[in-house]
Amino acid sequence: MNAFVNLIKEYAQDEYDFTLRENIESFILQSNEKLFDYGQQYVAEELRETAVYNTLLGALAEGKNKLNELHLHTGFSRAKISVYLKNLMQLEIVEKVFSV
């Protein structure tokens, strides 16, 4: 997340009046913006087997947050999912959230 915040600061030098959410919507989620493909490029540079990571990230974006949900959605083994999620957590792309 810090990487995205720093990139937004770099590209949005004149847009400090906007919230982080507004800047993300403006600079990352718009397909015609420079940062639109940044997440995928970052994953491709840092990790091998990007198709697996993209599949997992897509499932997480759809709200599949539990290991079994990810397993059923992707067909990947639970062990494989755990390893890949650990790598994504080390890169601070995803974080583990504990329920109370």
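Leaving aside neighbours within four places in sequence, L56 is in contact with L70, T74, F76, I81 and Y84. Contact here means heavy atoms within 4.5 Å. The model is predicted: local features need a pLDDT of at least 70, side-chain atom pairs count only at pLDDT 80 or more, and totals for chains, interfaces and linings use all residues. Numbering starts from 1 along each chain as its sequence is written, and side-chain values use heavy atoms, with hydrogens and water left out.

The chain averages a pLDDT of 79. This score is the predictor's confidence in each residue, on a scale from 0 to 100. A value of at least 70 is reached by 65% of the residues. Helix α1 (residues 2-11) has the lowest mean pLDDT among them, at 59. Helix α5 (residues 67-74) has the highest, at 96.

The chain contains 6 helices and 0 strands. Helices (H or I, at least four residues) and strands (E, at least two) are DSSP runs, numbered from the N terminus. The pattern along the sequence is α-α-α-α-α-α. Of the 100 residues, 21% count as buried. Buried means under 20% relative accessible area, exposed means over 50%, and partly exposed lies in between (1.4 Å probe, protein chains only). Among contacts with a separation of 6 or more, 36% join residues 24 or more positions apart.

The largest nonpolar core has 13 residues. Such a core is a set of buried Ala, Val, Leu, Ile, Met, Phe, Trp, Tyr and Cys residues joined through side-chain atoms within 4.5 Å. Y53, L56, L70, I81 and L88 have the most contacts inside this core. The elements that give two or more residues to it are α4 (50-61) and α6 (78-90).

The structure holds 1 aromatic pair. It is formed by Y53 and Y84. The ring centres are 4.6 Å apart, with 55° between the planes, and the pair is tilted. Rings of Phe, Tyr and Trp (its six-membered ring) pair if their centres lie within 6.5 Å; planes under 30 degrees apart count as stacked, over 60 as edge-to-face and the rest as tilted. The pair links distant parts of the chain. Y53 lies in helix α4 and Y84 in helix α6, 31 residues apart. Y53 and Y84 are buried.

K80 lies over the face of F76, at 4.9 Å from the ring centre. The criterion places NZ of Lys or CZ of Arg within 6 Å of the ring centre and within 35 degrees of the ring normal.

T74 is found in helix α5. T74 is buried, with a relative accessible area of 17%. A polar atom of the T74 side chain lies 2.7 Å from the backbone oxygen of L70. The side chain of T74 also reaches the backbone nitrogen of F76, at 3.1 Å. Polar contacts are pairs of N or O atoms within 3.5 Å; within protein, one must be able to donate a hydrogen and the other to accept it, and residues adjacent in sequence count only if both atoms are side-chain atoms. Leaving aside neighbours within four places in sequence, T74 is in contact with T55, L56, A59 and I81.

A59 is placed in helix α4. At 0% relative accessibility, A59 counts as buried. Not counting residues up to four places away in sequence, A59 touches K64, L70, H73 and T74. A59 and H73 are 14 residues apart along the chain, and their C-alpha atoms are separated by 7.2 Å.

T50 is also found in helix α4. T50 is partly exposed, with a relative accessible area of 29%. Leaving aside neighbours within four places in sequence, T50 is in contact with V43 and A44. T50 and Q40 are 10 residues apart in sequence and 8.5 Å apart in space, C-alpha to C-alpha.

E49 has a positive phi of about 50° although it is not a glycine. E49 is found in the loop between α3 (38-46) and α4. At 47% relative accessibility, E49 counts as partly exposed. E92, in the segment after α6, has a phi near 60°, a positive value in a residue other than glycine.
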